[in-house]
Amino acid sequence: MAPNAPTALQPFGIDFGGTGIKGAPVDLDAGEFAAERVRIKTPAPSTPQRVAEVFVELLSQFPECTGAVGVTVPGVVRHGVVRSAANIDKSWIDTDADRLFTEATGREVHVVNDADAAGFAEVRYGAARGRSGLVIVTTLGTGIGSAMVHDGVLIPNSELGHLEIDGHDAESRAANSAREREDLSWEHWAKRLTTYYRTLEKLFSPELFVVGGGVSKSSAEFLPLLDLDTEIIPAALLNKAGVVGAALYASEGGG
Ligand code: BGC
């Protein structure tokens with residue numbers, strides 16, 4: 001067998017995002033894709049039922065993989081049930097996604113918050129590998145996602161993007177979508193991020209912040225402008241974090 005060929009028992013990770021649904025089997029020793037990733041456009045509207053159909057199509061392209069499947073969702077997930085939908089179709093709220101996707105695909109599916117998946121992967125394989133104490137991973141995208149990991153253990157559904165700061169939902173001011181929407185300079189955005197991360201420092205005194213999301217590719221433009229007491233570094237896994245983290249989560253039997 002080729003070193004990179006997927007094996008039946010490897011878990012499969014699916015990253016459900018606003019524009020694309022991406023999936024690949026994952027090699028958990030390496031924290032890498034075990035085969036080339038497949039991407040399918042996110043249906044509109046992205047209701048749970050339509051998304052389930054895409055998962056079936058995606059998995060049918062990997063007939064040799066029969067292991068557990070992990071799926072990221074940008075909302076609170078408790079015992080497989082989605083409990084919030086800030087930036088996705090509201091029909092997700094109260095959907096038993098574990099059950100829906102397990103029935104649709106005939107596979108054991110575990111759903112996890114998108115930032116929790118990314119954070120879990122960064123701590124296991126990426127920027128925060130081997131770090132102890134409290135690590136807070138934030139993803140700066142359409143919203144702000146957060147993962148709190150303490151000594152390698154994920155504390156799920158922290159939802160720190162929705163802290164109220166100066167009377168605003170934090171993500172409405174400091175997410176990357178706010179920077180784009182308001183055409184903010186890096187300097188201006190960095191001021192907002194400083195306010196945001198200083199609030200997190202005050203509340204949690206973490207050892208380390210890790211910054212993920214698509215904009216972390218440009219971290220050299222804004223991270224040096226932040227004025228914080230805590231070390232802050234870019235994520236390492238970039239757009240692999242969701243798929244790898246979801247597969248890792250599923251391999252551990254979900255939450
Ligand atoms: C949601 C979170 C999600 C984050 C990033 C927020 O609006 O409430 O659950 O992790 O966006 O997608």
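A pocket is an open set of grid points, with protein on both sides within 12 Å along at least five of seven lines, where a 1.4 Å probe fits. The views below show a predicted model.

**View 1. The largest pocket of the predicted model has a volume of about 1,300 Å³.** The pocket is lined by 48 residues, and those closest to its centre are Asp114, Gly141, Thr142, Gly213 and Gly214. By class, the lining consists of 25 polar, 13 nonpolar and ten charged residues.

**View 2. Helices and strands contribute to the lining of the largest pocket.** At least two lining residues come from each of strands S1 (12–16), S2 (20–27), S9 (134–140) and S10 (144–150), and from each of helices H3, H5 (176–181) and H8. Helix H3 gives the most, with four residues. Residues of the lining belong both to domain 1 (12–116 + 240–251) and to domain 2 (131–236), and the largest pocket therefore lies between these domains.

**View 3. The second largest pocket holds about 300 Å³ of space.** Its lining is made up of 17 residues, among which Val77, Pro156, Tyr249, Gly254 and Gly255 lie nearest the centre. Two or more lining residues are given by each of strand S6 (77–78), strand S8 (109–113), helix H3 and strand S11 (153–155). Strand S8 supplies the largest share, namely three residues. The lining of this second largest pocket comprises eight nonpolar, six polar and three charged residues. Because domain 1 (12–116 + 240–251) and domain 2 (131–236) both give residues to this lining, the second largest pocket lies between them.

**View 4. Helix H3 (residues 114–125) and helix H8 (residues 241–251) cross at roughly 85°.** The axes of the two helices come within 7 Å. Angles of 65 to 115 degrees count as roughly perpendicular, and H3 is therefore roughly perpendicular to H8.

**View 5. Residues of helix H3 meet residues of helix H8.** On the H3 side, the contact involves Ala117, Ala118, Phe120, Ala121, Glu122, Arg124 and Tyr125. On the H8 side, the residues are Ala241, Gly242, Val244, Gly245, Ala246, Leu248 and Tyr249. The residues of this contact divide into ten nonpolar, two polar and two charged. Tyr249, which takes part in the contact of H8 with H3, is also one of the residues nearest the centre of the second largest pocket.

Note on methods:
Residues are numbered from 1 along each chain as its sequence is written. This is a predicted model: local features need pLDDT of at least 70, side-chain atom pairs count only at pLDDT 80 or more; totals for chains, interfaces and linings use all residues. Side-chain values use heavy atoms; hydrogens and water are left out. Axes are lines fitted to C-alpha atoms, for helices over the stretch in contact, and angles run from 0 to 180 degrees between N-to-C directions. Angles under 35 degrees count as roughly parallel, over 145 as roughly antiparallel, 65 to 115 as roughly perpendicular and the rest as oblique. Contact means heavy atoms within 4.5 Å. Ala, Val, Leu, Ile, Met, Phe, Trp, Tyr, Cys and Pro count as nonpolar, Asp, Glu, Lys and Arg as charged, and the others, Gly among them, as polar. On a 1 Å grid over the protein atoms alone, a cavity is a set of points where a 1.4 Å probe fits but cannot get out, and a pocket is an open set with protein on both sides within 12 Å along at least five of seven lines; lining residues have an atom within 4 Å of a point. Grid points are joined across faces, edges and corners, and a volume is the space filled by probe spheres set on the points. Domain bounds come from an automatic or database domain assignment.
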